[in-house]
Amino acid sequence: MYYKGYYHLFYQYNPKGAVWGNIVWAHSVSKDMINWIPLEPAIVPSKPFDKYGCWSGSATILPGNKPVILYTGIIDKKPAPGYQVQNYAIPANYSDPFLRDWIKPDDNPIVKPTYENVSSFRDPTTAWFNNGHWKMIVGSKHKHRGIAYLYRSRDFVKWTKAKHTLHDKPGTGMWECPDFFPVSAYGQSGLDTSVLKGGVKHVFKVSLDMTRFEYYTIGTYDTIKDKYYPDNTSVDGWAGLRYDYGNFYASKTFFDPVQNRRILWGWANESSTSYEDVAKGWAGIQLIPRMVWLDPSGKQLLQWPIHELETLRGDNVHLSDVKLNKGDVVEVKGITPAQADVEVMFSFSSLDEAENFDPEWSKLPSENLALEICGITGTKQGGLGPFGLLTLASNKLEEYTPVFFRVFKTLDKTYKVLMCSDAKPSTLNKNEYKPSFAGFVDVDLSAKTLSLRSLIDHSVVESFGEGGKTVITSRVYPTIAVAEDAHLFLFNNGTETVTVESVGAWSMKSPELMN
């Protein structure tokens, strides 16, 4: 949230070690979302209503610029993973822009489960206001049905459960970290969570405990019935749209009133072993904040790193009109490849070489179709693609993390663009989790161009395809391609020649203030 000149980040944190447990609300503040000042934890277990943990939740700014936090408290260790209730906390001193101290009033918990699943009842959202009431949702499940329970309040303390859910869906399992917010139907400007009229669509996002992926739909919020209805262009289920097709979970958005934008922030856990996490002393990162807005098609969101990130750009290299024939690998020199920001525009003269989309692939699970195809084809020789970047690469390519496009031709003469971030060749360490992540890019290929931006930072590669239509994050742990021994290459392994119209690559400085 934003309060009195500072962005505030609250995050789930274990102060006792680099493994999950002992969860508190850690707290950091920033002027620009790049440089961060760590403060004392804002909320820690201390009362009967959160004795065994202060789990996730949200912040809401009430009238008069008064922040309030809603969070899940654990009141008993059983049933596993804990008996869950919803609490609130308020600042001890509204005049302190850092909001160092928080009060947990004794009238907590404000929402207790009645017949809901007491061990699957968590993560209250940022509230919105309409028809004289504040509204918020809590994620849950009943058997295999994912549920967003709706609650209403006039005073933000006494909450009443609605007779119906805001939304639910069979066969999706527990809905963690739900998020529900408006987006403008036109343009990039963000909207406060309580804006409900005037060219507005709504986004509903959940984190799926069963798959460890998130999915979202775009739809309509009926403000009279207090129901959410996904558009028929949004798949409502495991095969739905994702913010990120890689290592990205428990995300949250907030409205930035200073720059009139909606910011998305996601968490990436480690893909290394817990032993390695303990050895290095930390586990889990917040990814680069992203601005989100509705694609002009109205069918999906677009995402792009916040512009403040560019203040970290240092030495740069620009190339243009680089021809990549089949098998070509061209190094991008003059920057620090282990800590870099790279933007590339690729073009090709024809779609004729695109490989046929194998009809057998239609039998693969639809929710992971792109991932499965990337796992099968990888960077093997193709027609139009694979082409892209080899990030965090060793000099002789014993290790590399390729981020690339591959174009397929379907039986009905349309084209499918696959974007992959493939960790399989990322490290010689056999103990790491090295998945092939992938998503399809909904793009018109008539211009015969595809763009890619990758943010590379030692153990993370965040990649944005075609202006943020498809985003993939990989966590990788090279053993050779480390620090000064990392390299960055452009590559093409398709029979169709690809032209690199332009490359902008920057060494990235570390922030002056790091958490």
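Which residue forms a salt bridge with Arg-313? The partner is Glu-343, and the closest N and O atoms of the pair are 2.9 Å apart. This is a predicted model, and the pair is one way into its structure.

**Salt bridges**

Side chains of opposite charge can pair when their charged atoms come close. The structure holds 28 salt bridges.

| Salt bridge | N to O distance |
|---|---|
| Arg-290 with Asp-244 | 2.8 Å |
| Arg-313 with Glu-343 | 2.9 Å |
| Asp-422 with Lys-424 | 3.4 Å |

Take the pair of Arg-313 and Glu-343 first. Arg-313 belongs to strand β24 (residues 313-324), and Glu-343 belongs to strand β26 (residues 339-348). The two residues are 30 residues apart, and their bridge links distant parts of the chain. Arg-313 counts as buried because its relative accessibility is 17%, and buried means under 20%. Glu-343 has a relative accessible area of 27%, so this residue is partly exposed.

Next comes Arg-290, which forms a salt bridge with Asp-244. Arg-290 sits in strand β22 (residues 290-294). Asp-244 sits in the loop between β18 (227-230) and β19 (249-256). The pair therefore ties together parts that are 46 residues apart in sequence. Are Arg-290 and Asp-244 buried or exposed? Both Arg-290 and Asp-244 are buried.

Asp-422 has a relative accessible area of 3%, so it is buried. Lys-424 is partly exposed, because its relative accessible area is 40%.

Salt bridges also join up into a network. Its members are Arg-122, Glu-176, Asp-209 and Arg-212.

**The sheet that holds β24 and β26**

Strands of a sheet pair through backbone hydrogen bonds, either parallel or antiparallel. Here, six strands form an open sheet, and the pairing is antiparallel. Their order is β24-β36-β26-β32-β33-β34. The edge strands are β24 and β34 (470-475), each of which pairs on one side only. From one strand to the next, the twist averages 15 degrees.

What does β24 pair with? Its partner is strand β36 (residues 498-508), joined to β24 by nine bridges. The two strands run antiparallel. His-318 has Gly-504 in β36 as its bridge partner.

Strand β12 spans residues 145-153. How many of its nine residues are buried? Seven are, and the strand is mostly covered.

Strand β11 (residues 133-142) runs antiparallel to β12, and nine bridges join the two. Ile-137 stands opposite Leu-150 in β12. The strands β11 and β12 form a hairpin, with two residues between them. In that turn, Lys-143 has a positive phi of about 55 degrees.

Strand β14 (residues 167-169) also runs antiparallel to β12, with three bridges between them. There, Gly-146 stands opposite Lys-169 in β14.

Strand β13 (residues 160-161) is joined to β12 by two bridges, again antiparallel. Arg-152 stands opposite Thr-160 in β13. The hairpin of β12 and β13 has six residues between the strands. Phe-156 takes a positive phi in this hairpin, near 75 degrees.

Note on methods:
Residues numbered from 1 in each chain as written. Predicted model: local features only at pLDDT ≥ 70, side-chain atom pairs only at ≥ 80, totals over all residues. Heavy atoms only, no water. Salt bridge = Lys/Arg side-chain N within 4 Å of Asp/Glu carboxyl O. Helix = DSSP H or I, 4+ residues; strand = E, 2+ residues; numbered from the N terminus. Buried < 20%, exposed > 50% of the residue type's maximum accessible area, 1.4 Å probe, protein only. Pairing = 2+ DSSP bridges. Axes fitted to C-alpha atoms, helices over the stretch in contact; angles between N-to-C directions.
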